[in-house]
Amino acid sequence: MRSAVVLFLLLLVAAPLLWLTKQQHEPPAPRDGCPSPRPRVALCFYGLNRALRHTVHGIADKIWKPLHDACAAVDVYYHVWETETAFVDTAARGGERMEVAVGDGAAEMVKLLRPFGARGMTEKQAAFDAAFALNASSYAALDRRYAGPNFRNLMRQLESLRRVAALWRRSGVSYEAVVYARPDLKFLDAIDAGQVLAVPSKTILDPYWHRWSGLNDRVLVCSRDAAAVVAARIELAPAYAARTFLRAESFLQFVVRAHGLRVGDLALRAQRVRADGAVASNDLCLEYCSPARRDVCRGDCRRLSPEPAPLAAWAAKQKARDDAKRRAGTLRHGVPRADRVGIQ
Ligand SMILES: *[C@@H]1O[C@H](CO)[C@@H](O)[C@H](O)[C@H]1NC(C)=O
């Protein structure tokens with residue numbers, strides 16, 4: 001009898017402990033004092049995955065947690081391309097560059113985002129490439145730069161963005177804000193959850209850094225209405241590309257203007273990380289950026305770093321072309337107006 005009472009008491013103590021241990025594998029409960037229902041935010045990842053194992057902890061600490069601590073319920077979505085082979089990247093080993101196979105990026109993304117309760121899909125990149133072949137050749141007929149790998153990768157990325165947006169849109173949830181981010185970003189700041197939850201309608205929050213010729217397209221916070229049109233921007237690409245060379249940043253700025261969206265500054269720095277975990281050389285200088293230096297950081301922040309990194313090959317070529325055009329007095333700055341590209 002006495003032992004039965006002891007057992008009963010033990011169970012009383014042990015049950016909540018067992019329950020607590022189990023809870024650690026679930027997202028933590030919202031903190032006290034949250035409104036009910038909680039505001040909801042969609043956090044969307046898209047494109048190719050090569051580096052998520054290096055960035056996922058930062059996503060949890062710098063994006064997911066601040067939103068959660070501000071009472072938001074965060075729904076994570078992804079769309080990721082499956083590539084034919086395990087992708088390879090180069091890594092420095094003993095002073096030499098060598099190729100390293102790092103496995104199936106799509107499978108890795110599914111696995112690493114599972115603890116977030118993420119919903120998403122993986123699709124074959126080759127199938128998209130095949131469906132896009134006709135479009136690709138009409139782009140290439142406009143400008144031979146469209147036949148190159150940068151443009152092809154941009155189109156794949158924009159299509160993946162369109163598809164991930166279809167997922168949150170189909171959910172029927174009325175999100176306060178939608179965050180779109182590349183999966184290879186190492187965040188240097190915590191997201192300002194108050195700013196995210198208060199984003200006015202028809203507004204995007206865009207990083208103040210690396211806007212180059214337009215707006216930074218690596219991480220965006222959008223109001224629900226802006227999020228739908230921004231993610232579908234590949235639909236405006238043919239008309240835009242027919243009028244002026246399509247670059248990721250100037251194209252985003254064009255789309256934002258075409259839809260009459262407002263742009264606010266997002267004080268969230270993030271560096272692109274390669275498959276081997278190294279930060280992209282062009283992004284190292286973001287360490288020295290702050291909103292007070294947005295004048296410099298809007299373009300090339302390497303002016304701030306003590307040891308400027310060498311230009312990447314494509315950037316060196318582009319710089320040479322821009323310099324040549326500038327000398328000839330033909331470099332046009334800014335973005336064409338919507339009506340000149342035939343978009344209402
Ligand atoms: C090709 O372009 C057409 C016209 O812009 C578009 O409707 C279609 O979705 C594009 N196809 C693909 C696979 O992107």
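Rings of Phe, Tyr and Trp, the last taken by its six-membered ring, form an aromatic pair if their centres lie within 6.5 Å. By this criterion, the structure, which is a predicted model, holds 13 aromatic pairs.

**Figure 1. An edge-to-face pair formed by W168 and Y175**. A pair of aromatic rings is described by the distance of the centres and the angle of the planes. For W168 and Y175, the distance is 6.2 Å centre to centre, and the angle between the planes is 85°. Planes over 60 degrees apart count as edge-to-face, and the pair of W168 and Y175 is accordingly of this kind. Both residues, W168 and Y175, are buried.

**Figure 2. A stacked pair formed by F251 and F254**. The ring centres of F251 and F254 are 6.4 Å apart, and their planes meet at 20°. Planes under 30 degrees apart count as stacked, so the rings of F251 and F254 are a stacked pair. The two residues belong to helix α9, which spans residues 248–258. F251 and F254 are separated by 3 residues, about one turn of the helix. A residue is buried when its relative accessible area is under 20%. The value for F251 is 1%, so F251 is buried; the value for F254 is 0%, so F254 is buried.

**Figure 3. The surroundings of the ligand**. Around the ligand are A131, F132, N135 and P238. The protein buries 43% of the 360 Å² that the ligand exposes when taken alone. Helix α4, residues 125–142, gives the most to this shell, namely 3 residues. Sorted by class, the shell has 3 nonpolar residues, 1 polar residue and no charged residues. An N or O atom in the side chain of N135 lies 2.3 Å from an oxygen atom of the ligand.

**Figure 4. D75 in strand β2**. The strand that contains D75 covers residues 73–82. With a relative accessible area of 8%, D75 is buried. D75 and F116 are 41 residues apart in sequence, while in space the distance between them is 8.0 Å, C-alpha to C-alpha.

Notes
Residues are numbered from 1 along each chain as its sequence is written. This is a predicted model: local features need pLDDT of at least 70, side-chain atom pairs count only at pLDDT 80 or more; totals for chains, interfaces and linings use all residues. Side-chain values use heavy atoms; hydrogens and water are left out. A residue is near a molecule or strand if one of its heavy atoms lies within 4 Å of it. A polar contact is a pair of N or O atoms within 3.5 Å; within protein, one must be able to donate a hydrogen and the other to accept it, and residues adjacent in sequence count only if both atoms are side-chain atoms. Accessible areas come from the Shrake-Rupley method with a 1.4 Å probe; for residues, only the protein chains shown count as cover. Helices (H or I, at least four residues) and strands (E, at least two) are DSSP runs, numbered from the N terminus. Ala, Val, Leu, Ile, Met, Phe, Trp, Tyr, Cys and Pro count as nonpolar, Asp, Glu, Lys and Arg as charged, and the others, Gly among them, as polar. Buried means under 20% relative accessible area, exposed over 50%, partly exposed in between (1.4 Å probe, protein chains only).
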